[in-house]
Amino acid sequence: MTRQIATRFSFRSIERLAAPVDPHFQIALEKDQDIEARESLLDRVFGPERFQKTSEKLRVNQAPVSGLALVAKTTSGALLGTIRLWPIFAGQGRAALLLGPLAVCPEAKDGGVGRALMLQALARAKAQGHASILLVGDAAYYNRFGFERRFTDRLLLPGPVDRKRFLGRELIPGALFGAVGAVKPVRRQRFTAIAA
Ligand SMILES: CC(C)(COP(=O)(O)OP(=O)(O)OC[C@H]1O[C@@H](n2cnc3c(N)ncnc32)[C@H](O)[C@@H]1OP(=O)(O)O)[C@@H](O)C(=O)NCCC(=O)NCCS
């Protein structure tokens with residue numbers, strides 16, 4: 001059963017909005033019918049160049065971890081935000097997650113949607129037993145959730161990155177201690193090979 005939380009929030013920029021917005025939202029597992037709205041939200045927020053990002057190389061042809069693709073929706077079903085986490089290796093043999101993209105529609109910006117998505121994703125990832133999470137993003141935003149640059153100092157992404165934006169967070173203390181080497185996707189074939 002999909003576990004949902006209802007969260008109250010207020011849009012601080014509400015006076016700037018052209019139309020009234022629903023003051024409630026829910027976090028839920030992403031469903032197939034959310035994909036179109038999610039993709040258009042990501043186009044709006046990041047533009048078409050989002051596919052050129054180095055992080056995208058770790059996501060292309062991959063699937064997010066089951067239970068770790070979440071959406072925020074108004075009570076009437078409009079998509080406000082999205083977050084997904086992907087299986088990676090943070091250096092050889094060190095299973096981890098890649099977080100991203102996290103995006104919130106501009107009309108809901110600074111209303112707590114990003115925070116609710118992040119907190120729910122962290123709680124779920126921890127409950128699933130994952131050890132650590134990496135991401136590329138604004139440290140000024142992600143520091144508050146415990147993401148720090150020091151965890152990624154010796155890790156290499158498969159392309160150029162502003163190292164100030166390459167951050168990590170341990171879910172299990174010490175999980176990123178000594179992490180070194182290439183960050184790579186966990187290839188889906190690994191699972192199919194095991195299942196076959
Ligand atoms: C960044 C983003 C995910 C935050 O989600 P949100 O729902 O808008 O924001 P939240 O309600 O969770 O948090 C609001 C707080 O974060 C701060 N904040 C928002 N975006 C920030 C950023 N890029 N850098 C630093 N702080 C930021 C706000 O100033 C506010 O701070 P306060 O609580 O001290 O007043 C969302 O605004 C978004 O998708 N933005 C467009 C993409 C983007 O800018 N990404 C940059 C991060 S990679």
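Here are a few questions and answers about this predicted model.

User: Is strand S3 mostly buried or exposed?
Analyst: Strand S3 covers residues 69-74. A residue counts as buried once 20 or more other C-beta atoms lie within 10 Å of its own. In S3, 5 of the 6 residues pass that test, so the strand is largely enclosed by the rest of the structure, that is, mostly buried.

User: Which residue of S3 stands opposite Phe25?
Analyst: Let's start with the strands: S2 (residues 24-29) runs antiparallel to S3, with 5 bridges joining the two. Phe25 faces a residue of S3 in this pairing, and that residue is Thr74.

User: Which element gives the most residues to the shell around the ligand?
Analyst: Strand S6 (103-104), helix H2 (113-127) and helix H3 (139-142) each put in at least two residues. With 3 residues, the top contributor is H2.

User: Is Pro173 buried or exposed?
Analyst: Pro173 sits in the loop between strands S9 (166-170) and S10 (181-185). Pro173 has 8, so the call is exposed.

Conventions
Residues numbered from 1 in each chain as written. Predicted model: local features only at pLDDT ≥ 70, side-chain atom pairs only at ≥ 80, totals over all residues. Helix = DSSP H or I, 4+ residues; strand = E, 2+ residues; numbered from the N terminus. Buried ≥ 20, exposed ≤ 12 C-beta atoms within 10 Å, placed from the backbone. Pairing = 2+ DSSP bridges.
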